[in-house]
Amino acid sequence: MCNIQKNMTMTRVLSVPSAKAPFERTTIERRELRPDDVLIDIKFCGICHSDIHNAFDEWGGGKFPMVPGHEIAGIVVAVGSEVTKFAVGDRVGVGCFVDSCGECEYCLNGEEQFCTKGVINTYNDEDYDGNLTYGGYSQKIVVKEDFVVRIPDALDLDVAAPLLCAGITTYSPLKHWNIGPGKKVAIVGMGGLGHVAIQFAHAMGAEVTVLSRSMDKKSEALSFGADHYFATSNPATFSELAGRFDLMLNTVSANLDVDAYLSLLRVDGTLVNVGAPAEPDQYHVFSLIMGRRSIAGSLVGGIRETQEMLDFAAQHGITPKIEVISADQVDEAYQRVLRSDVRYRFVIDISTL
């Protein structure tokens, strides 16, 4: 099936004109469909903490006006003349990036996020032609078919949206570090990333422990599949759990006492960071040397692995717990994320835009 859009597509968006400014409703032009493009009618877009970091320009390099959003779920409404993977009416998603060179060793290995030419982020970036990219706080988006994934029928579009970032961000390191039966995994943080990580680690067969600041979320953590739950505000936690974990997945965007957390790892254990605080972490190298421990990071996953993650989530009934909001509530939602006042992921209903 081919339904080619011949002209630029005007689309309504939520845009932030400058760092920390309130969102404004405006319109932008999406490019004319190229032969390998699909046009997606966006139904839902999740709010990621990285949206806030970028909109507030906390990481630097903000390109304004900015249209955030890289947790996109919608329906294909038009396809280019050479598109073979999708047809009008398909349920699809777009995650954190929308292009890569396709030729380097990492792209050829299905790890486009590490493209040596530089992966093109879904928003706050420039594509290879020098045009700014605008994200999913938008009614429509045009994306190359190779950077679109299929959303299984078992996943509703609103709960599928956060999986395009929060899902792949947590699934990818768990898979890379071979998490499965017999492995002991600690999830640091019980937020938008953490509550999804618990579900994936549990479904993979690991023994899962949650480390959160307080005991407030214990019952929910257990309902997501955690086996144990400890409050990091209790100093006894660190002595009780010393040397226990094969892998610790740090999902929080605040700086930790890295040495204290490293002490919880077994010999050859790894602390993997997927949260990204604005300020540098510090640690003593002896925390690594004495247990042959490692500190690592993980950056989402490639398109092939993202599709695998969605299929795995559908098979095992893994769904983020979400609060659907209107376009008028995004500024408030940002402040609530900063106060940790969300259980556990905001998703924008784009029909309200």
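1. Y344 is found in the loop that runs between α11 (330-338) and β17 (345-349). The peptide bond leading from R343 to Y344 is cis, and its omega is near 0 degrees. This is a predicted model, and the points below should be read with that in mind.

2. A cis peptide bond also joins F64 and P65, with omega at about 0 degrees. P65 has its place in the loop between α1 (49-55) and β4 (72-79). As background to this point and the next, most peptide bonds are trans, and most residues other than glycine have a negative phi.

3. N124 has a positive phi of about 55 degrees; D268 has a positive phi of about 70 degrees. N124 sits in the loop between β7 and β8 (140-144), whereas D268 belongs to strand β14. Are these residues buried or partly exposed? N124 counts as buried because its relative accessibility is 14%, and buried means under 20%. D268, at 43% relative accessibility, counts as partly exposed.

4. Helix α5 covers residues 194-203. Eight of its ten residues are buried, so the helix is largely enclosed by the rest of the structure. The buried residues of α5 are G194, H195, V196, A197, I198, Q199, F200 and A201. What covers them? The cover includes the helices α4 (166-176), α6 (218-224) and α10 (303-316). It also includes the strands β10 (184-188), β11 (207-212) and β13 (245-250). After α5 comes G205, which has a positive phi near 100 degrees.

5. E112 lies in the loop between α2 (105-108) and β7 (120-121). This residue is buried yet has no salt bridge. How far away is the nearest side chain of opposite charge? That side chain belongs to R304, and the distance is 7.0 Å. A salt bridge would need a side-chain nitrogen of Lys or Arg within 4 Å of a carboxyl oxygen.

6. The side chain of E112 does have a polar atom 3.0 Å from the backbone nitrogen of I303. Leaving aside residues up to four places away in sequence, E112 touches F97, S100, Y106, C107, V119, F147, G302 and I303. T26 is placed in strand β2, residues 24-30. At 33% relative accessibility, T26 counts as partly exposed. Which residues does T26 touch, not counting those up to four places away in sequence? They are T11, R12, V13 and S15. T26 and L14 are twelve residues apart in sequence, and their C-alpha atoms are 6.4 Å apart in space.

7. A nonpolar patch on the surface is formed by Y283, V285, F286, I289, M290 and I295. Together these residues have about 630 Å² of accessible area. V285, one of the patch residues, is found in the loop between β14 (265-273) and α9 (286-289). V285 counts as partly exposed because its relative accessibility is 44%.

Notes
Residues are numbered from 1 along each chain as its sequence is written. This is a predicted model: local features need pLDDT of at least 70, side-chain atom pairs count only at pLDDT 80 or more; totals for chains, interfaces and linings use all residues. Side-chain values use heavy atoms; hydrogens and water are left out. Patches are made of residues with over 30% relative accessible area and no salt bridge: like charges are joined within 9 Å, nonpolar side chains (Val, Leu, Ile, Met, Phe, Trp, Tyr) within 5 Å. Accessible areas come from the Shrake-Rupley method with a 1.4 Å probe; for residues, only the protein chains shown count as cover. Helices (H or I, at least four residues) and strands (E, at least two) are DSSP runs, numbered from the N terminus. Buried means under 20% relative accessible area, exposed over 50%, partly exposed in between (1.4 Å probe, protein chains only). Lys and Arg count as positive and Asp and Glu as negative; His and the chain ends are not counted. A polar contact is a pair of N or O atoms within 3.5 Å; within protein, one must be able to donate a hydrogen and the other to accept it, and residues adjacent in sequence count only if both atoms are side-chain atoms. Contact means heavy atoms within 4.5 Å.
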